[in-house]
Amino acid sequence: MRSFSLGTRLALIILVGTIATVGSVLLIAYGALVDDFETILTERQLYETRRISAEVDQRLQLKLDVLSESASMLSDGDRLHNQNEIAEQLERQRLLQSLFPDGILVFDEKATAIAQTLFVPGRIGTNYADRQHFKEAIETRQPVISRPIIGRTTGVPLISFIAPIETDDGDLLGFLGGTINLGETSILPAAMLREIANDDATFKVIDSDNFLYIEGGPEPESDIQSLPDPGTDPLIDAALSGIRFGQTQGPAGQDLIYATSHLQKLGWQFIRAVPYEWATAPAKESFARFFGISLGIAVLISLISYWLSRSATNRLDRMTQKIENMVKHPSEAARLAPAGPGEVRNLALAFNRLMDERDAISQMKEQFVSNVSHELRTPLTSINGALRLIQSGATGELPEKAQQMNTLALRNGERLQLLISDLLDFSKLSAGQMSVTLAREPLQPIIEAAVSGNQAMASDHDITLTATCDPERAVVADPHRLRQILDNFVSNAIKFSPARGTVEIRVEDGDAGSLRITVQDSGEGVPETFVERLFERFSQAEAGTTRSTAGTGLGLAICRELSILMQGRIGYYYEQGANFWIELPTAEQEN
């Protein structure tokens, strides 16, 4: 964001705001759509299970009604027909046989089987009076449907239908019964099963009393199967929990929307479930269309906002360019014209006031430097001269402690004089008053002088100072200013080198016919985070919370300005220590 212009930022703010607003609306709309489709799907499953339950109940009642009607035909009003008449009567009941394909039985008044349409060994003569549905029929004299039971002689799960056979006076003569083998005959037609379990929908019928699958078990081709253990199938667990509808998971972990309906007559649960994605798919489709339209609108808004913001900031850009020109050429700095919108005019006026303040501060700075030059430099020179005389013994031999104090005072006086010289040089460079005299100068004398002048400092820091230079090497430079640059490089190298380290000055070929003078130390180099600001004014590398060396931070900035005045360039790199270099044109290049 820092590199973006104001116009771009405004456009981005509008774009982000638009996207956030549209995104919020999209999310809310998507959530509402999913909720609506989820509600619709849930209601649809409830409707389907209730419809199926009602259909099954109607079919059961139809079977029971037909069975009851047929039961009245098995007596003459006073007694049961004989075996042959019963068999002949049952043979004629085609509808009854189609409704009960797994067998029709006739029982006497004590619930003992006396006739059957399908032969099952041992069934004739078996008494069923202990069965709950027979007890109910005997007591109420009403047609009864049993809950799923295990056949006493067949051993298969079945549903038993019984209707009482009575005399005209209401005396019980016996019962007509029909059975449906749940393992072979479905209570639902195949067409209905295909309809309600189409696509990815799941349909199951479970016997909640006996924990059995009636329809839709894990093995479709198998007979009646037991329900899985609790926790194995979340859908079955949800149906048995008593919660009639909601969300759950299938055996494979997929999300489902389910609903159940209970058929009290049989104790069965009808379960229908569909994938949750049936609710999300339409919402996603609508969301995708809305998102495309919204994205187009957002892009259009961003383009318009960018154009408007750029038109509003173009004047600021032109003003910025003028300010940059003022920074590059301070002596030519002009004032900004207070024109345009009110904000721009106010900014121009504020900048003009700032420039007035800068000029005033600059004048104060020049006066201060002048005071330093006249009021500090002259007496400081006298003080340092006097200290040197005392140091040399011209005033007599000093005690050891006095000699140490005099040495310390002289060292700090010379350091203060160097600082003042830096300030004066920088002031002249900033004002464009520094002048250099360029001429062809051999390098060896200048380098030797730099080595000689800094040898004492190197010895104090236990540093070995060496130089390598071909006597034939020469550059176009001001020898005094080049020596000033080298002194700065060498003194810095000595300060930042470890004890018993080495500082080397070497001369190499530079770019485009120039010569490069490099000063290499054996220290750790400049921190990478500081390299970009290395040659800026008042810049010093810091270690922790204290500066590693004391100074004004102007030395390298002065070196850079001096190198520019001498038509050269300056730089730094790290390779087995810090390497500060300056490139200057050779005498041949100048010619």
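User: Quick one to start: is Tyr128 buried or exposed?
Analyst: Tyr128 is buried, with a relative accessible area of 8%. Keep in mind that this is a predicted model.

User: Why does 8% make Tyr128 buried?
Analyst: Because the cut-off for buried is under 20% relative accessible area, and Tyr128 comes out at 8%.

User: Got it. Which ring does Tyr128 stack with?
Analyst: That would be Phe134. The two rings form a stacked aromatic pair, 6.2 Å centre to centre and with 20° between the planes. Phe134 is buried too, at 2% relative accessible area.

User: And which residues make up the aromatic cluster there?
Analyst: Phe107, Tyr128, Phe134 and Phe175 form one aromatic cluster.

User: How many aromatic pairs are there overall?
Analyst: The count comes to 8. One of the others is Tyr572 with Phe580, and that pair is tilted: the ring centres are 4.9 Å apart and the planes make an angle of 50°.

User: Are Tyr572 and Phe580 buried or exposed?
Analyst: Tyr572 counts as buried at 17% relative accessibility, and Phe580 is buried at 10%.

User: What about charges over rings? What lies over the face of Trp581?
Analyst: Arg516 does, at 3.9 Å from the ring centre. There's also Lys63, which lies over the face of Phe100 at 5.7 Å from the ring centre.

User: Switching to the sheet. What's the strand order?
Analyst: It's an open sheet of 6 strands, running S9-S8-S7-S12-S11-S10, with antiparallel pairing. The edges are S9 (225-226) and S10 (245-249), each of which pairs on one side only.

User: How many bridges join S7 and S8?
Analyst: S7 (residues 202-207) and S8 (residues 212-215) pair over 3 bridges, in the antiparallel sense. Ile206 has Tyr213 of S8 as its bridge partner, and Val205 stands opposite Glu215 in S8.

User: New topic: where does Ser563 lie?
Analyst: Ser563 is in helix H12, which covers residues 555-565. At 1% relative accessibility, Ser563 counts as buried.

User: Which residues does Ser563 touch, leaving out those up to four places away in sequence?
Analyst: With those left out, Ser563 touches Ile485, Gly568, Arg569, Ile570 and Ile582.

User: Last thing, confidence. What's the mean pLDDT of the chain?
Analyst: The mean is 81, and 88% of the residues reach 70 or more.

Technical notes:
Residues numbered from 1 in each chain as written. Predicted model: local features only at pLDDT ≥ 70, side-chain atom pairs only at ≥ 80, totals over all residues. Heavy atoms only, no water. Pairing = 2+ DSSP bridges. Helix = DSSP H or I, 4+ residues; strand = E, 2+ residues; numbered from the N terminus. pLDDT = per-residue confidence, 0-100. Phe/Tyr/Trp six-rings, centres within 6.5 Å; stacked < 30°, edge-to-face > 60°. Buried < 20%, exposed > 50% of the residue type's maximum accessible area, 1.4 Å probe, protein only. Lys NZ or Arg CZ within 6 Å of the ring centre and 35° of its normal. Contact = heavy atoms within 4.5 Å.
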